[in-house]
Amino acid sequence: MTTLMTPTITQHSGPSLEESQCDSARTGDPYAVICSEIHKLLTRKRNYYGCPDDDPLANALAVNEDGIHPVTYQMVRVGEKIRRLRGLLRTMIRSKIRETLCDIAGHAIVAIACLDAEEKV
C-alpha cells in the first residue's frame, strides 16, 4: 500500500490565490479562470468519493490495493475520456465537449499528483 505524505504549506507574500484569480479574471487570463474551475471540479469529485480533506488523494491511490498503479489508472481514464470526446466532436455539443475536456484535464492533474506522492514516499 502506498503511503501519502502530507505536503507542507508555506506562507508567501503577495496576493492570495483567490485575489490572484480575481486579478487574472479581470485582466482576461483565461487559464487562471479555467484552472480555478478544474480545481473546484476536482474538489467536488473527491468529496463524492469521501476523501478526507487531509488526504485528497486517498481514492486515487486506493486503486493500488487492487493491484493497479494509480498513474496507469488515471491514464486509462484519460483514454476513456478521449474516446468519448471523439464521439462528441461529431455532435459538436459544446457543453459536453467542454465538460469532457475538463474531465481529461482533471485526470491528468490527479495523475501528476499521484506521481508527486510516489516520489515523496
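## Starting in helix α5

Select D103, which sits in helix α5. This is a predicted model. D103 is buried, because its relative accessibility is 7%, under the 20% cut-off. Now show what surrounds D103. Beyond the neighbours within four places in sequence, D103 is in contact with L41, K45 and K81. V78 and D103 are 25 residues apart in sequence, yet their C-alpha atoms are 8.0 Å apart in space.

## Across to K81

Go to K81 next. K81 belongs to helix α4. Is K81 buried or exposed? At 14% relative accessibility, K81 counts as buried. Setting aside neighbours within four places in sequence, the contacts of K81 are T100, D103, I104 and H107.

## T100 and L88

Follow one of those contacts back to T100. T100 is placed in helix α5, which spans residues 94–120. Its relative accessibility is 0%, so T100 counts as buried. Which residues is T100 in contact with, leaving aside neighbours within four places in sequence? They are K81, R84, L85 and L88.

Select L88 from that list. L88 is in helix α4, residues 70–91. With a relative accessible area of 12%, L88 is buried as well. Again leaving aside neighbours within four places in sequence, L88 is in contact with I93, K96, I97 and T100.

## The loop at M92

Step to M92, in the loop between α4 and α5. M92 counts as exposed, because its relative accessibility is 59%, over the 50% cut-off. Check the backbone here too. Phi of M92 is near 55 degrees, a positive value in a residue other than glycine.

## Where α2 meets α5

Zoom out and select helix α2, residues 30–48, together with α5. The two axes come within 10 Å and cross at roughly 75 degrees. That angle makes α2 roughly perpendicular to α5, because 65 to 115 degrees counts as roughly perpendicular.

Now color the residues that meet:

- From α2, pick I34, E37, I38, L41, L42 and K45.
- From α5, pick R98, C102, D103, A105, G106, I109 and V110.

By type, the residues of this contact divide into eight nonpolar, one polar and four charged.

## The nonpolar cores

In soluble globular proteins, nonpolar side chains tend to be buried together. Select L57, A60, L61, V71, V110, A111, C114 and A117. These eight residues make up the largest nonpolar core. Which elements give two or more residues to this core? They are α3 (58–62) and α5. The largest share, four residues, comes from α5.

Leaving aside neighbours within four places in sequence, V110 is in contact with L42, A60 and Q74. L42 and V110 are also among the residues where α2 meets α5.

For the last stop, select V78, L85, L88 and I97. They are among the five residues of another core, which lies apart from the largest one.

Key. Residues are numbered from 1 along each chain as its sequence is written. This is a predicted model: local features need pLDDT of at least 70, side-chain atom pairs count only at pLDDT 80 or more; totals for chains, interfaces and linings use all residues. Side-chain values use heavy atoms; hydrogens and water are left out. Buried means under 20% relative accessible area, exposed over 50%, partly exposed in between (1.4 Å probe, protein chains only). Contact means heavy atoms within 4.5 Å. Axes are lines fitted to C-alpha atoms, for helices over the stretch in contact, and angles run from 0 to 180 degrees between N-to-C directions. Angles under 35 degrees count as roughly parallel, over 145 as roughly antiparallel, 65 to 115 as roughly perpendicular and the rest as oblique. Ala, Val, Leu, Ile, Met, Phe, Trp, Tyr, Cys and Pro count as nonpolar, Asp, Glu, Lys and Arg as charged, and the others, Gly among them, as polar. A nonpolar core is a set of buried Ala, Val, Leu, Ile, Met, Phe, Trp, Tyr and Cys residues joined through side-chain atoms within 4.5 Å.
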